[in-house]
Amino acid sequence: NAYDAGRITSLEATALGVHIILGPVMDVNNNPNNPIINFRSYSDNTNTVTNFGTKFIKGIQDGGRIACAKHFPGHGDTGTDSHLGLAVVEADRQRLDQLELVPFVRAIEEGVDAIMTAHVEVPQVLGIGAPPATLSPEFLTGLLRDELGFEGLLFTDALTMRAITDMYGAGEAVVRAV
């Protein structure tokens, strides 16, 4: 069903002239109090998210469109909607490797075309006060490109979201992201 949903989405997008599908959500919804990912995620189970997400991606690609897995490095274990403020993921690198990153690693292995970043702070990886993952060379270049080998398109989530504008303003965020 996930494959079929991706393929149908791709065919409908083609009919509308849309080339890029900003999905699927590859976040593991492991925080029941998450106000933004919740039902947008396939599950609170890593394997379910990985399997459904990669099937959806394959359906999109087989339909001739570009799939974009989101929100790297994972937005499922947050208590803040990043549209309204900066979300914090209280995970260390080991936990990221075992949970949040699993769907993204598999999507990369299976040839996902694009990845969208998350406006999340990860203090146990980058330290307190470090920029969110969206603006972090450690996450985007070091982890995503160099370590995980992702060579596709990289999108940021909207730079007008309050997680970014409250700390950086939209103009500075654009400069930092580039």
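# Close-up views of a predicted model

The face of helix 1 turned away from its buried side carries three exposed residues, Ile8, Glu12 and Ala15. The structure shown in these views is a predicted model.

**View 1. Helix 1 has a buried side, formed by Ala2, Gly6, Ser10 and Ala13.** These residues lie on the same side of helix 1, because they cover an arc of only 75 degrees around the axis. They pack against strand 1 (20-21) and helix 2. Helix 1 itself spans residues 2-16, a run of 15 residues, and its first and last C-alpha atoms are 21 Å apart, close to the 21 Å expected at 1.5 Å a residue. Just after helix 1 comes Gly17, with a positive phi of about 85 degrees. Most residues other than glycine have a negative phi.

**View 2. Ser10 is a buried residue of helix 1.** The relative accessible area of Ser10 is 0%, so this residue counts as buried. A polar atom of the Ser10 side chain lies 3.2 Å from the backbone oxygen of Gly63. Apart from residues up to four places away in sequence, Ser10 touches Gly59, Ile60, Gly63, Gly64 and Arg65. Among these, Gly59 and Ile60 are buried residues of helix 2, and Gly64 follows helix 2 with a positive phi near 90 degrees.

**View 3. Helix 2 is covered by several elements, including helix 1, strand 1, strand 2, helix 3 (93-100) and helix 4, which lie against its buried residues.** Those buried residues are Thr46, Val49, Thr50, Gly53, Thr54, Phe56, Ile57, Gly59 and Ile60. Helix 2 has 17 residues and reaches 24 Å from its first C-alpha to its last, close to the 24 Å expected at 1.5 Å a residue. At its N-terminal end, helix 2 is capped by Asn45, which has a side-chain oxygen 2.9 Å from the backbone nitrogen of Asn47.

**View 4. Four strands form an open sheet in the order 1-2-4-6, with parallel pairing.** Strand 1 and strand 6 (153-155) stand at the edges with a single partner strand each, so one side of each has no neighbour in the sheet. Two bridges pair strand 1 with strand 2 in the parallel sense, and Ile21 stands opposite Ala67 in strand 2. Strand 2 also runs parallel to strand 4 (residues 114-117), to which four bridges join it. Here, Cys68 has Ala114 of strand 4 as its bridge partner. Strand 2 is mostly covered, with six of its seven residues buried.

**View 5. The largest nonpolar core has 27 residues, and Phe72, Val112 and Ile115 are those with the most contacts inside it.** Two or more residues of this core come from each of helix 2 (46-62), strand 2 (66-72), helix 4 (102-109) and helix 6 (137-147). In soluble globular proteins, nonpolar side chains tend to be buried together. Beyond residues up to four places away in sequence, Phe72 touches Leu101, Phe104, Ile115, Met116, Thr117, Ala118, Ala133, Phe139, Leu143, Leu144 and Leu148.

**View 6. Phe72 and Pro73 are joined by a cis peptide bond, with omega at about 5 degrees.** Pro73 belongs to the loop between strand 2 and strand 3 (87-88). A cis peptide bond also joins Gly23 and Pro24, where omega is about 15 degrees. Pro24 is placed in the loop between strand 1 and helix 2. Most peptide bonds are trans.

**View 7. Ser41 lies in the loop between strand 1 and helix 2.** Its relative accessibility is 9%, and Ser41 therefore counts as buried. Leaving aside neighbours within four places in sequence, Ser41 is in contact with Val25, Asp27, Val28, Asn29 and Val49. The C-alpha atoms of Ser41 and Gly76 are 7.9 Å apart in space, and the two residues are 35 residues apart in sequence.

Notes: Residues are numbered from 1 along each chain as its sequence is written. This is a predicted model: local features need pLDDT of at least 70, side-chain atom pairs count only at pLDDT 80 or more; totals for chains, interfaces and linings use all residues. Side-chain values use heavy atoms; hydrogens and water are left out. A nonpolar core is a set of buried Ala, Val, Leu, Ile, Met, Phe, Trp, Tyr and Cys residues joined through side-chain atoms within 4.5 Å. Buried means under 20% relative accessible area, exposed over 50%, partly exposed in between (1.4 Å probe, protein chains only). Contact means heavy atoms within 4.5 Å. The expected span of a helix is 1.5 Å times one less than its number of residues. The arc is that of the directions from the helix axis to the C-beta atoms. A polar contact is a pair of N or O atoms within 3.5 Å; within protein, one must be able to donate a hydrogen and the other to accept it, and residues adjacent in sequence count only if both atoms are side-chain atoms. Two strands pair if DSSP finds at least two bridges between them.
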